[in-house]
Every structure is written in structure tokens, then in C-alpha cells.
Amino acid sequence: MKSLLFVIPILLSFLTAEGKSYLCYRRSERIEIDGRLSESDWLRAPVTDAFIDIEGEARPRPRFMTTVRMIWDDTSLYIAAELEEPHVWGTLTKRDSVIFHDNDFEVFIDPDGDRNEYYELEINALNTVWDLFLSRPYRDGGKARNEWDITGLKTAVQIDGTINDPRDIDRGWSIEIAIPWQALGEYAHRPIPPREGDTWRVNFSRVEWQHEIIANRYRRVAGTKEDNWVWSPQGVIDMHRPERWGKVIFTTRLASDNPPAARQPGRGD
Ligand SMILES: [Ca+2]
Ligand SMILES: [Ca+2]
Ligand SMILES: [Ca+2]
Ligand SMILES: [Ca+2]
């Protein structure tokens, strides 16, 4: 019995070893949602670890770097993503399209971490969004509620290169998102905005297709599977396992107080 008591904590720490966490600071200046991550808060905010394969470290490393930062204030949660991408393309322009049929960036939020009643947001390089709510994961019989919209959502994309022009090599795209707390409050079962130390379950994903260029246009290669690169690894090819998502811990400390030395290495570092 005594040995079991030793083994259990070791097992638990092993099982949770891969889960990521992120300290989310408060905004200290205005964030303009224009896709440019030029605000000094973004320079001060911690940078997430680079995305890895959805199944974990044992799988091949992603071909392109992806990182995210987060900031919050009394009205909104702000997300900034940087996606290295030599061929920026997109086709979908209608809200609530199946955005992962293009290359995309995805956000998953389960405020109370009960693995039910959670939010999803997908965005492509044309700044087209698919926002939806799930009462429970698909494998538990959950159905996507696409008609659910993030009221007051603001998103912007900045292309570092040219979109839908394969004649050049692009550097990537950056995304800036503001999600009003009010929109997340409905099924949060947690205070909004969050209090000091509150922890929400969040994950980020990126879908990357193999493409071919036909008559100067990008097209997905028929019959190929997409790559799924994520912040916190899921262990399986399924984002709808909220128990595997990362932890975002909110602090009332200002991003401007975060010493630059505390930054984690990100793109280009
Ligand atoms: Ca900006
Ligand atoms: Ca929930
Ligand atoms: Ca929607
Ligand atoms: Ca281009």
C-alpha cells in the first residue's frame, strides 16, 4: 500500500507531463485588431511553445513554426497567432463554412474544464471565421451549433507575403482576435472576466493541407490527409477531447510588468 502511494503521484505527473500551460497577463495598452502584432503588450506577453503534432512529440515535427500569445482585459480575451507559411492561400469567404477545408488556425475554449459546453473558432487566411458551440464532444453524441456566434468578435489577418499568388514564397500570416467575455459567459459557469489565478482549458490547432498549383491557383491534393499541429498535444487525431487541452492561468498583473527575460523562445528566436 505504501509503495502504491508513491507510484500514484508519479503516474499522475507522467500522464499530465505533456499538457501545456500559459500565464495570461492583463492588457496595459490599447490593442488594435488589425493583424499586426506591433503592440508592446504582444512583445511582452509570453510566447507559447512552438506547435507540435496533434499526436505528440513522437510524431514528426511540424514543417512550419506556429506560436500564440494571449492577453486579457475587462471586456475581452485577446489572441495573437503567428503562422510560418511559404504558400498562403484560402478559398472560403462565408461565415460558418467548414473552415478547416482550407489551411486554418483554430481556438478551443472550455472555461470551467468540465469537458462539456465548450467553444470553437476557426479562421482562414481570408479572415473568414467559423464559430460554434458544442454541448458535449462529438464522440459523446455532441452536435455542432454553427448558428451560435461570438457576439462582438473581432478578427484580423495580416499576410507576410501575398495571398493566393503562388509565384512567390511567402513568410507567413499573423492573426489578431478579440473575443468578448460576454459571449463566453453564457456557458462558462465561471466568473467573467476571470479572477486572479482562474484557470481555463484552452487549446489551439492548425490544419495544414498538401497543395498543388494548377493554372496558377492553389488546390488541395486529392486523397491526402491534413496535418494537425497543436499547442497542447491530444495524443490522438481528435481536438474534441477537452481533457487534453492546455491550461490558461489568468493573472491581473500587467503584460508591461512581465520582464522580457521571462519570455519563452518563439519564432525567429
Ligand atoms: Ca495589432
Ligand atoms: Ca464547459
Ligand atoms: Ca457561428
Ligand atoms: Ca504568395
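Predicted model: local features only at pLDDT ≥ 70, side-chain atom pairs only at ≥ 80, totals over all residues.
Strand 8 covers residues 144-145 and runs antiparallel to strand 7, to which two bridges join it.

Strand 7 (residues 129-134) also pairs with strand 6 (residues 118-123), again in the antiparallel sense, and here there are six bridges. One of the residues involved is Leu121, whose bridge partner in strand 7 is Asp131. Strand 6 and strand 7 form a hairpin with five residues between the strands, and in this hairpin Asn127 takes a positive phi near 65°.

Tyr119 belongs to strand 6. The residue counts as buried because 22 C-beta neighbours lie inside 10 Å. Leaving out residues up to four places away in sequence, Tyr119 touches Ile109, Phe133 and Leu184. Phe133 is 14 residues from Tyr119 along the chain, and the C-alpha atoms of the two are separated by 4.7 Å.

Asn124 is found in the loop between strand 6 and strand 7. Although this residue is placed in a loop, Asn124 is buried, since 27 other C-beta atoms lie within 10 Å and 20 or more are enough for that class. Its contacts, not counting residues up to four places away in sequence, are Gly90, Leu92, Ile99, Asp102, Asn103 and Asp104. Arg206 is 82 residues away from Asn124 along the chain, with 9.9 Å between the two C-alpha atoms.

## Strand 4 and its two partners

Strand 4 spans residues 76-84, and eight of these nine residues are buried, so the strand is largely enclosed by the rest of the structure.

Strand 4 pairs with strand 3 (residues 66-72) in the antiparallel sense, over seven bridges. Within this pairing, Ile71 stands opposite Tyr78 of strand 4. The two strands make a hairpin, with three residues between them. Strand 4 is also joined to strand 10 (residues 172-180) by nine bridges, and these strands too run antiparallel. Ile79, for example, has Ile177 in strand 10 as its bridge partner.

## Cys24 in strand 1

Cys24 is part of strand 1, which covers residues 21-26. Is Cys24 buried or exposed? Cys24 is buried, because 24 other C-beta atoms lie within 10 Å.

Which residues is Cys24 in contact with, leaving aside its neighbours within four places in sequence? They are Met70, Ile71, Trp72, Val248, Ile249, Phe250 and Thr251. Among them is Ile71, the residue that stands opposite Tyr78 in strand 4. Cys24 and Leu254 are 230 residues apart in sequence, while their C-alpha atoms are 9.3 Å apart in space.

## The chain as a whole

The chain has three helices and 15 strands. Of its 269 residues, 36% are buried; Cys24, Tyr119 and Asn124 are examples.

Contacts between residues at least 6 apart in sequence can also be sorted by sequence separation: 67% of them join residues at least 24 apart.

Key. Residues numbered from 1 in each chain as written. Chains lettered and ligands numbered in written order. Pairing = 2+ DSSP bridges. Helix = DSSP H or I, 4+ residues; strand = E, 2+ residues; numbered from the N terminus. Buried ≥ 20, exposed ≤ 12 C-beta atoms within 10 Å, placed from the backbone. Contact = placed C-beta atoms within 7 Å.
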